[in-house]
Amino acid sequence: MKLKNDNLMKLFTSDKEPKISIILPIHPETPQAESNLLAYKNLLKDVKKDLELNYPRREWSNAVKDLESLILDRKLWNSSKKALLIFANNENMEICAMEHTVLPKEHVGSTFLIQDLLLPEENIKRPDYLLNISRDRIHVFDIDSLKEVELAGLHTRFSDYYSDFDANSNVNSGSYGGLTATYHGHRTKSEEQQKDQMIYYQYLDKELTNLHQLHGYTFVLAGLPETLDVYLNSHENSPYIGGIMRGSIANLSHAGLAERVNDYFAFERVAEVEQVKNDVKTASQKNRVINDLSIIDFALNNRDVKSLVSFNDGSSYSVEHNKLLIKSLINKINCRVLYTPGDNSYPSMNAILY
């Protein structure tokens, strides 16, 4: 992983100590906001106690002021994410919202605890929208809120695009998108219906491509296989496609849709974890993996490391491991953290050499 947040990287490269990390699980339901805030206050209390015992006030007073200001941020405690990672020193503060659950933790010292930033589920590129393709319309959902939304200028029904189009009609005459129908007869033939559909799909592909180019939007496409496959047969390599979810989601309840989306990203996470494990195994067979922390540190300084992989059970926040992870990020070296409870088949830190 290479962090794209410049402010976060600036904070990680700062020499200013003490460095404060607060790792906070979040319960997204609105009634839990007070519980989230109380948990934060308790962690902040421990942070302040640690600071007062070990550092002069002048070295942390600004950091504590920034951290205390978060108590009044009601939006923060109603976050829809599963966790918040808060990093601060006397110069700056950064907040990262996470998609996975964490254990509550605070740390004050010479490094930040960043391993929760580097899990596969945080590295998977989350598309912006879900787009369900039906026979005569599409439905668009925001990937985070899972609420149905409208994208400006995008016709979501065939009948909106074809001024005279009626999805339930058998009549085969009309003006479609400014084009005059050229076929004859009383009933619409199946190939003519398919032609209408393909014209709309061409329009849809063009508009989604424009949205991708203008705003960087990506979409998970969903729909019944007999409909989705028709679309993918012509447009499966389009740059806006961020994933495929087979099966219609148009009529799911919010809870049902959330379950489908969670299952989708869980599968993506498993695939990513297995790929990382395979990379380590393959490199090990070629004698290109080292595990000793001091040797890894030396190799990082010499830029001999291709990628760094940390394996742990999710409860350990080794300071030395986190220092190596930060050094990897600073040196723009790919690094990953895998939580593998009960699996001790891999050393806790693995550096893959070039």
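Colleague: Are Tyr200 and Tyr201 buried or exposed?
Modeller: In this predicted model, local features need pLDDT of at least 70, side-chain atom pairs count only at pLDDT 80 or more, and totals for chains, interfaces and linings use all residues. Residues are numbered from 1 along each chain as its sequence is written, and side-chain values use heavy atoms, with hydrogens and water left out. Buried means under 20% relative accessible area, exposed over 50% and partly exposed in between, with a 1.4 Å probe and protein chains only. By that cut-off, Tyr200 and Tyr201 are both buried.

Colleague: How many aromatic pairs does the structure hold?
Modeller: Rings of Phe, Tyr and Trp (its six-membered ring) pair if their centres lie within 6.5 Å, and planes under 30 degrees apart count as stacked, over 60 as edge-to-face and the rest as tilted. On that basis, the number of aromatic pairs in the structure is 12.

Colleague: Which kind of pair do Phe87 and Phe112 form?
Modeller: At 0% relative accessibility, Phe87 counts as buried, and Phe112, also at 0%, counts as buried too. Their ring centres lie 5.7 Å apart and their planes stand at 75°, so the pair is edge-to-face.
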